[in-house]
Amino acid sequence: MPPKASKSKSKKATNKLLVSPENLRWNCPTDMFNFKSTSELEPLNTIVGQPRAIEAIRMGAELHAKGFNIFVTGLSGTGRLSTVKNILEEVTTSCPITYDFCYVNNFTNEDEPRLVKLNKGKGREFAEAMDDAIAFIRRRLPKLFEEDFYQKAKLKIIEDFQAREKAVLDVFDEKIRPYNFMRGQLETGQGTLQPEVFPIIDGQAVTIESIDELVAQGKVSKEKAAEIKQLWRQFHNEIFDLARQGLKLMQEFRKALVENDKKNAEVVVSSTLDEIVHQFDNLTVNTYIDEAKKYILDNLNAFVPTAEQAPAVLMPSESSRDEDIFRLFKVNVILDNSQTNSAPVVTETTPSYNNLFGTIERVFDKRGGYWRTDFTKIKAGSLLKADQGYLIVNANDLFSEAGVWVALKRVLLYDRLEIQNFDAYFQFSQAALKPEPIDVQVKVIIIGGLSLYHLLFHHEKGFKKIFKVHAQFDYEIERSNEMIFNFARFISRICCSESLPHCSPDGVAAIIEWAVESAGSQNRITLKFSDVADVLREAAFYDRNSDKPLIGREVVEKAIEWRRRRNDLLDEKIKQQIAEGNMLIDTDGSRVGQINGLTVYNNGFISFGKPARITASISAGNTGIINIEREADLSGNIHNKAVLILTGFLREKFALKRPLSLTASIAFEQSYGGIDGDSATAAEIYIVLSAIAGVPINQNFAITGSVNQKGDVQPIGGVNEKIRGFFEVCAERGLTGNQGVIIPKQNIKDLMLSENIIKAVSEGKFSIFAISNIDEGVELLMNIPAGLADENGNYPKGSLYGRVNDKLDEMFEIAKDYKNGVKK
């Protein structure tokens, strides 16, 4: 009789640990919905569930102080980008003062194009005004130089020059005439003429070389010949001085012509360009116009090809000599804000260096064989386009582009943008431009992951100064009736915007249950709305041939099942290995030092659980617990910590009266990849206790749970996947009614099990137990009580802890008999 009473008491104790079927899943009640179709609902057009992130983004967007740029973190699919855009739409209803940015030629240094910053809409006007002015000047100047007053002034200059030239020559002629010399020209061997003086003999001009011949003929005496030669040398030198005087007169003449041209052209040029000065009250424009005036007047031959003036350099550099001179007067409007009515919001999806900061394009000169460029090839990037507004960029895209982050950080630190080519050193160009830097006011919003944010925050110099706002997006929220109703409105929005069939109340309920399951708790619901929308789209796909007007629960569940089925190849392969006996898992019988642990796999799209055999072996010694996974470099830090906690648990339970003399090894059998996490701590404790006491563990159970040093069982993640994984193995082999899973008590609220598992539990074919400490699971797994220590710290004989303690005493005595491996 006493044994029967004890067995009855044990059965009653374990029944208290059973989780009832009604606690295995939360079902969304359809009677809470007061609609027959989501078409009756107002679509959700606001952001819900993210008050923290919304406040951070709003503050960062509206606080126009240096460094208050925003770094948005959170899981993909939580609506980060759409939330940012929606908030910016609200805060950018008013238009700040925006500007047009232009680059013009710098006539004093062509390598440093000049920046012109004008109020919005003025840039295009400035460009058109310059085009019109240059076109007018090109038409007017040739006509100007054909008018009578100009021709008369030019003729007077010519006559004055001729008169001055004649006067100089007449003086010289009068000087040499009394000496019977005359001025003329002598042809050289190269066929050119040069000025010369000739003596006159018998009324004929002769060359100085023929004097000796005349002496020989007796026509000129030797004395006279010597005199003539002496005078010739004197006059010959003077005639070259006369030529220099003539050259000087010619220079003065040409200068007078040029000055006359400038004087006449200046009226046209100045009056035309001064109109632009009056139209645009801008200091830079004034400077540019003054330089342009001077350049035009210095290069009138380009505007009036027939004008008689000294040759002038038409272009400012050899590399562009063959180009059209009038391109120098173009205005390159790199940013036109004439149509901007609110603060600009730019989303850069390809944040390459050139796309973000702008570029200077180059063209290949086939004749010269080199790359060339000029100020008209300067192009704006997203940063400049977002001036006085906001730039949104994805962190993954940003940091995948070489050099972009360093340059962006520099712009945000100094509020100054320099447009340069990132690949400038790859180009063999003779022209290297350095455009004038641009002062910018732009708020940058980076969307990225939390780990990247922490990495930058702690290790990137200057990051804290330029990204002072951290907007954190949550991935889940407390399940409430209000949030459930918002989900229904979100479903309505997707159906309306994408022309999908609307959902019935039970269809909405099925999607919401999936959202709760995805959150991993009955009391939470996911905020990954993109995934919710995908489930709805997939349900609409499977409903495409249905004659029902609305998407119902059946279709949604089919879509969810196939969503899993499309991505469960690895899951199927592992199940196949278990079914074929290649992966050893027991679901009945008992064995010492062996237990079914539960693991979770993640293939990037779905998570699934599978049982894993964990074993322990013990011997006398003082090595303690050996983590075989760690010895093989297959154990993560968290698992290593869990094994150390296991040791602490053993010390507190069994090493208060004598040292713990034990050598034990723990291993995940047939595990060839890494192991991490602490959810196997409970299983590892049980197998060590079983191995020490020699008490077998029931193999019809699988267990999961984290444990602290006091033996308290702590919650774990992936509880639904783990239960499903063991259930599928048991169901494949046939449910016996003795199989089940032991989970932490805190995880009951996280259960969202499938209907087939709930049905099996309801029919008594499968069980789920929840424990809060190690002691509660002992009787389930080993069919004996754990044992409670008395006031002297002794455990009852026959209890698990009593047997463990006795065995440890025995191993302690064995260890004392040996020292350094030698028996005393």
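In which helix is Val258 found? Val258 lies in helix 7, which spans residues 222-279, where helices are DSSP runs of H or I with at least four residues, strands are runs of E with at least two, and both are numbered from the N terminus. The model is predicted, so local features need pLDDT of at least 70 and side-chain atom pairs count only at pLDDT 80 or more, while totals for chains, interfaces and linings use all residues. Residues are numbered from 1 along each chain as its sequence is written, and side-chain values use heavy atoms, with hydrogens and water left out.

**Helix 7**
- Val258 is buried at a relative accessible area of 18%, the term buried meaning under 20% (1.4 Å probe, protein chains only).
- Between Val258 and Asp298, 40 residues apart in sequence, the C-alpha to C-alpha distance is 8.9 Å.
- Asn264, also placed in helix 7, is buried with a relative accessible area of 13%.
- Leaving aside residues up to four places away in sequence, Asn264 touches Leu144, Phe145, Phe149 and Tyr150, a contact being heavy atoms within 4.5 Å.

- An open sheet of mixed pairing is formed by seven strands in the order 23-24-22-21-26-29-30, two strands being paired if DSSP finds at least two bridges between them.
- Strand 23 (624-627) and strand 30 (767-771) stand at the edges with a single partner strand each, so one side of each has no neighbour in the sheet.
- Strand 21 (residues 594-602) and strand 22 (residues 607-619) run antiparallel and are joined by nine bridges; Gln594 has Thr615 in strand 22 as its bridge partner.

How values were computed
Buried means under 20% relative accessible area, exposed over 50%, partly exposed in between (1.4 Å probe, protein chains only).
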